[in-house]
Amino acid sequence: MRRNLLFLILLMMAFIVACSAGEDAAETSGTASESDDWKPEEAIEFVAPAGAGGGWDTTARMAAQVFSEEGIIDQSIGVVNKEGGGGAVGWSYIANFDGNPHKLFVASPPIIFIPLNGQSEYGHEDFTPIANLIADYAAFAVREDAEWESMNDLFDDMKEDPASITVVGASSPGSMDHMQFVQIAKAAGVDITKIKYVSAQDGGGLTQLLNGSVDVYSTGVAETVEQVKAGNIKVLGVSSEERLKGEVLEDFPTMIEQGIDETFVNWRGFFGPPNMDPEALAYYEAKFKELSDSEAFAEIRDQFGWEEQYLNSEEYSQFLDEQKESLGELIEELGLGN
């Protein structure tokens with residue numbers, strides 16, 4: 001009887017020791033797993049491949065602000081402007097940081113347009129798509145005293161004599177502000193090969209519109225609000241599917257409601273350098289999702305008239321390939337391709 005009791009006691013002690021060892025191993029394993037998770041080890045740099053105040057710059061700065069203020073990313077984030085070449089200077093800069101997980105940049109359709117028209121050796125395939133964040137839209141504005149009251153009024157005149165009307169934008173020919181106008185004009189029946197577009201990459205497009213040297217300003221919706229409030233310009237139409245929300249923005253008519261069956265989305269998201277480590281990519285992908293879902297960033301979207309359009313890395317990559325195919329056809333029609 002005593003032998004049986006002693007055996008049971010020894011068996012119970014062995015079981016307790018085994019359980020304790022198992023728990024220690026699990027804790028050790030968990031700690032190792034956590035330590036293996038990638039996190040930024042130095043300050044992060046967001047590159048806006050354009051000057052201050054534009055869409056890329058604003059997106060980079062607002063994202064950095066929310067990341068920091070909401071504690072989503074602990075490391076400090078600085079925003080650097082690398083302007084020139086419609087974005088090409090910034091892309092060339094990032095390409096030099098192969099695999100560096102602390103250098104990110106914001107991009108939009110020009111990263112497809114610019115390589116297609118031969119102005120950059122780098123395209124979206126040369127970088128690491130992390131996540132798309134927002135959808136922005138085009139606005140087409142004229143002076144408040146202009147004769148046109150709608151996009152149809154404008155396009156009727158352009159159908160008769162396209163070259164008699166000058167369109168200005170901040171992007172280079174064959175890039176964003178040019179192509180968003182071209183895509184809408186084509187849907188309205190204008191001969192897009194005869195559209196007169198001038199580039200004001202120094203940011204002087206609005207000044208040219210107001211002084212009468214150009215007729216139409218192709219830009220983003222956010223860039224028009226204050227001038228509309230001041231009574232200097234009027235927006236004939238925006239490229240969204242439905243009317244935008246917000247003060248002033250809600251008054252801008254869409255193309256669709258004017259009988260022009262076309263939209264144009266200025267998507268905007270973040271990329272990393274070539275050959276980014278998969279663990280770093282997973283880290284940023286999760287952080288940008290958290291940013292997109294936050295109330296703080298929702299308020300910023302409302303402020304600038306942006307809409308949520310989150311795409312993870314895989315979705316973003318597929319979307320970019322599809323964009324390249326469709327936008328390439330438009331570039332080719334204009335004779336601007338390689």
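Analyst: The model is a predicted one. Its largest pocket holds about 1100 Å³ of space.

User: Which residues lie closest to the centre of that largest pocket?

Analyst: Gly-53, Gly-54, Gly-55, Ala-170 and Glu-223 are the closest to the centre, out of 50 residues that line the largest pocket.

User: And which elements give two or more residues to its lining?

Analyst: The helices are α2 (55–69), α6 (176–187), α7 (205–210), α8 (225–229) and α10 (295–304), and the strands are β4 (128–143), β7 (216–220) and β9 (265–272).

User: How does the lining of the largest pocket divide by class?

Analyst: The lining has 23 polar, 17 nonpolar and 10 charged residues.

User: Let us move to the second largest pocket. What is its volume?

Analyst: The volume of the second largest pocket is about 210 Å³. Its lining consists of Glu-242, Arg-243, Leu-244, Lys-245, Gly-246, Ala-298, Arg-301, Asp-302, Gly-305, Trp-306, Glu-307 and Glu-308.

User: Which elements give two or more residues there, and which gives the most?

Analyst: Two or more residues come from each of α10 and β10 (307–311). The most come from α10, which gives three residues.

User: Is Lys-245 buried or exposed, and why?

Analyst: Lys-245 counts as exposed because its relative accessible area is 75%, and the cut-off for exposed is over 50%.

User: How many residues separate Lys-245 and Asp-302 in sequence, and what is the distance in space?

Analyst: Lys-245 and Asp-302 are 57 residues apart in sequence, and their C-alpha atoms are 7.4 Å apart in space.

User: Changing topic: how many cavities of 30 Å³ or more does a search of the whole structure find?

Analyst: The search finds one cavity of 30 Å³ or more. The largest cavity has a volume of about 30 Å³.

User: Which residues line the largest cavity?

Analyst: Its lining is formed by Ile-111, Ile-112, Pro-115, Leu-116, Gly-123, His-124, Glu-125 and Lys-324. Helix α4 (residues 110–116) gives the most to this lining, with four residues. By class, the cavity lining has four nonpolar, two polar and two charged residues.

User: Now the helix packing. At what angle do α6 and α11 cross?

Analyst: The axes of α6 and helix α11 (residues 313–333) cross at roughly 85° and come within 11 Å. An angle from 65 to 115 degrees counts as roughly perpendicular, so α6 is roughly perpendicular to α11.

User: Which residues make the contact?

Analyst: From α6 the contact has Met-179, Val-182, Gln-183 and Lys-186, and from α11 it has Leu-327, Leu-330, Ile-331 and Glu-333. Five residues of this contact are nonpolar, two are charged and one is polar.

User: Finally, how many helices and strands are there in the protein chain, and what share of its residues count as buried?

Analyst: The protein chain has 11 helices and 10 strands. Of its 338 residues, 51% count as buried. Among contacts between residues at least 6 apart in sequence, 79% join residues at least 24 apart.

Terms used:
Residues are numbered from 1 along each chain as its sequence is written. This is a predicted model: local features need pLDDT of at least 70, side-chain atom pairs count only at pLDDT 80 or more; totals for chains, interfaces and linings use all residues. Side-chain values use heavy atoms; hydrogens and water are left out. On a 1 Å grid over the protein atoms alone, a cavity is a set of points where a 1.4 Å probe fits but cannot get out, and a pocket is an open set with protein on both sides within 12 Å along at least five of seven lines; lining residues have an atom within 4 Å of a point. Grid points are joined across faces, edges and corners, and a volume is the space filled by probe spheres set on the points. Ala, Val, Leu, Ile, Met, Phe, Trp, Tyr, Cys and Pro count as nonpolar, Asp, Glu, Lys and Arg as charged, and the others, Gly among them, as polar. Axes are lines fitted to C-alpha atoms, for helices over the stretch in contact, and angles run from 0 to 180 degrees between N-to-C directions. Angles under 35 degrees count as roughly parallel, over 145 as roughly antiparallel, 65 to 115 as roughly perpendicular and the rest as oblique. Contact means heavy atoms within 4.5 Å. Buried means under 20% relative accessible area, exposed over 50%, partly exposed in between (1.4 Å probe, protein chains only).
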